[in-house]
Amino acid sequence: MSKMLLLLVLLSLLNPAVEALDNGLALKPTMGWLHWERFMCNTDCDTDPDNCISERLYMQMADMMVKDGWREAGYEYVCIDDCWPSHERDAQGRLQADPKRFPGGIKKLADYVHSKGLKLGIYADVGEKTCAGYPGSLGYYETDAQTFADWDVDLLKFDGCNLKWTLLGDGYIKMSKALNKTGRSILYSCEWPLYEWPFQTPNYTAIRETCNHWRNFNDVFDSWISIKSILDWTASHQDSIVPSAGPGGWNDPDMLVIGNFGLSHDQQESQMALWAIMAAPLLMSNDLRDICPRSKELLQNRRIIEISQDPLGKQGYRSAKGNNFEVWERPLSKNRLAVAVLNLQEIGGPRGFAISGVAGWKVCDPQCNVTLILPQYKEMGVQTKESKLILKVNPSGTALLTVTPISKDFGRIHWKDTD
Ligand code: GLA
C-alpha cells in the first residue's frame, strides 16, 4: 500500500463524518421547534383550539419563528410529533392527516412553512402503531416515505414503539433506505438506541450510518429532575456515545423545555449550556406565542448557539465531578474550548469554582483569552495557566465560557489552527 493510500485509510478511520448517513443533512446539530413536550397529544380542538394538534398550531409557530427572530437565530425546522394522522389509512394505504384538525392537509402546511423560509418535520413510527396509538409504518415504509416526500416534508422523526426489539435495526435501516429512494432530502431523526438499550448495547456505527440523530434515553419532562437524569445518563455512557457524534449524525438528548413552567431561570441556563456542550439538536418545545423575554433571549443567545453549531462538530463530555460541581468540556474549532461548570448543590447561594483546574486549561499555556457567556457575558481577558480565576455559579445554574489559546510567535499573536 502506498504511503498516501495508507494515510487516506487512516484518516477515514479517524474521521467519523465518513461513516455518517450520507444525505448531506444535519452537518450541524438540527435547530427548530417540536410540539411534543409542550402540546403532547391534545386533539381537543373544540374546547382548546389554541393548543390542540392542528395545522393552525404549526402555522402560528412558523409565523412566530419569523416575527420574533427565531429563524434569524438559526431555528429552522417546525416539527409535528405524534397524533397528527387520522386513525385510518386511505384507500391506497397511505397515511392521511386528521381531516378535522388539518383541513388543508400536510402538503399545504409544508407550502406555508416553506413560504416562511422554514422547513417542516413530521412523525411516524417503525412499529404497528405510534406510541399514542395512531397507525404505525410497519409494512408501509416505502409508501410512507413516498407520501412524506410527495408532501414536501423535510424531516421525519421515526419513533420505536410497538415493535419487537429484534426488528428495530431492520426497520430503521429500511426506512432510511426508503427515504433515500424518494430522492427528496429528508432529515432522519431516530429513536432506535432508546428502544434497544433495555436489551443490548446498540451498534452506534450502524445507527450513525442510518440516522441524522438518535434518541438514547427517556423523554424529557418540564422539570429539573428530568434534565439532571438526562445529563447523568449521557455522562455515564459517554465513552460509547460521544465518539459516534459528528457532522451528519448526533446524539439527541431530547427537546429544550426552556420557556415553559418547570425550570428556574438558572436551570434553563443549565439546559441551554449543556445542550450546546453535548452538540445536541436544539429542538424547542414551548409556546413561542407566549414566552418570557429572558427565556427567549437565552434560546437566541448567539454565543451559545455558536458553541452548539461549531464547525468542528465534536460532542463535549463530562471531564470532572466532585464537591457537587460538574465540569463539561467541548473541543471547538481553532483549538478553542467551551467549558460548562454546573453547580448541583441545591442549598445555599452561589459557590466559587477555580476554573484553572479544569483539564482543558492546558490551552492557556502560555496564554489564552477567556469569554464568559453565562450567567452573563463578560470578556475575562488574557489568562495564563497560573490564573486564579474564580467563577461564581448559582445553585442548579451553570457558568459557560470559551477559552481561546494564544501563542506568541515572532512577536505577533495568532490562532493555533488545527481543524
Ligand atoms: C415517545 C417519544 C416522544 C414522543 C412520544 C409521542 O414517547 O419518545 O418523544 O414522540 O412518543 O407519542
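Buried means under 20% relative accessible area, exposed means over 50%, and partly exposed lies in between (1.4 Å probe, protein chains only). By that scale Val 66 is partly exposed, with a relative accessible area of 30%.

This is a predicted model: local features need pLDDT of at least 70, side-chain atom pairs count only at pLDDT 80 or more, and totals for chains, interfaces and linings use all residues. Residues are numbered from 1 along each chain as its sequence is written, and side-chain values use heavy atoms, leaving out hydrogens and water.

**Around Val 66**

- Val 66 sits in helix α3 (residues 55-67). Helices (H or I, at least four residues) and strands (E, at least two) are DSSP runs, numbered from the N terminus.
- Val 66 touches Arg 71, Lys 116 and Leu 118, not counting residues up to four places away in sequence. Contact means heavy atoms within 4.5 Å.
- Val 66 and Lys 116 are 50 residues apart along the chain, yet their C-alpha atoms are separated by 7.0 Å.

**The sheet**

- An open sheet is formed by 8 strands, in the order β7-β6-β5-β4-β3-β2-β1-β8, with parallel pairing. Two strands pair if DSSP finds at least two bridges between them.
- At the edges are β7 (250-252) and β8 (282-284), each pairing on one side only.
- Neighbouring strands of this sheet are turned by 25° against each other on average, direction ignored. Axes are lines fitted to C-alpha atoms, for helices over the stretch in contact, and angles run from 0 to 180 degrees between N-to-C directions.
- Strands β4 (residues 155-159) and β5 (residues 187-190) pair in the parallel sense over 4 bridges. Lys 157 stands opposite Ser 189 in β5.

**Disulfides**

- The structure holds 5 disulfides. A disulfide is a pair of cysteine sulfur atoms within 2.5 Å.
- Cys 41 and Cys 83 form one of them, with sulfur atoms 2.0 Å apart. The torsion about their S-S bond is about -115°, so this disulfide is left-handed.
- Cys 41 lies in the loop between α2 (36-39) and α3, and Cys 83 in the loop between β2 (77-79) and α5 (105-115), so the pair ties together parts that are 42 residues apart in sequence.
- Cys 41 is partly exposed at 30%, whereas Cys 83 is buried at 0%.
- Cys 45 is joined to Cys 52 by a disulfide (S to S 2.0 Å). The torsion here is about 100°, so the link is right-handed.
- Cys 364 and Cys 368 form a disulfide with sulfur atoms 2.1 Å apart. Cys 364 is buried at 0%, and Cys 368 is buried at 0%.
- Cys 79 is in no disulfide; the nearest cysteine sulfur, that of Cys 190, is 14 Å away.

**Salt bridges**

- The whole structure has 24 salt bridges. A salt bridge is a side-chain nitrogen of Lys or Arg within 4 Å of a carboxyl oxygen of Asp or Glu.
- Asp 232 and Arg 318 meet in a salt bridge (3.5 Å, N to O). The pair links distant parts of the chain, 86 residues apart: Asp 232 is in helix α10 (residues 224-236) and Arg 318 in strand β9 (residues 317-322).
- Asp 232 is partly exposed at 42%, whereas Arg 318 is buried at 16%.
- Lys 385 forms a salt bridge with Glu 386, with the closest N and O atoms 3.2 Å apart. Lys 385 is partly exposed at 43%, and Glu 386 is exposed at 51%.
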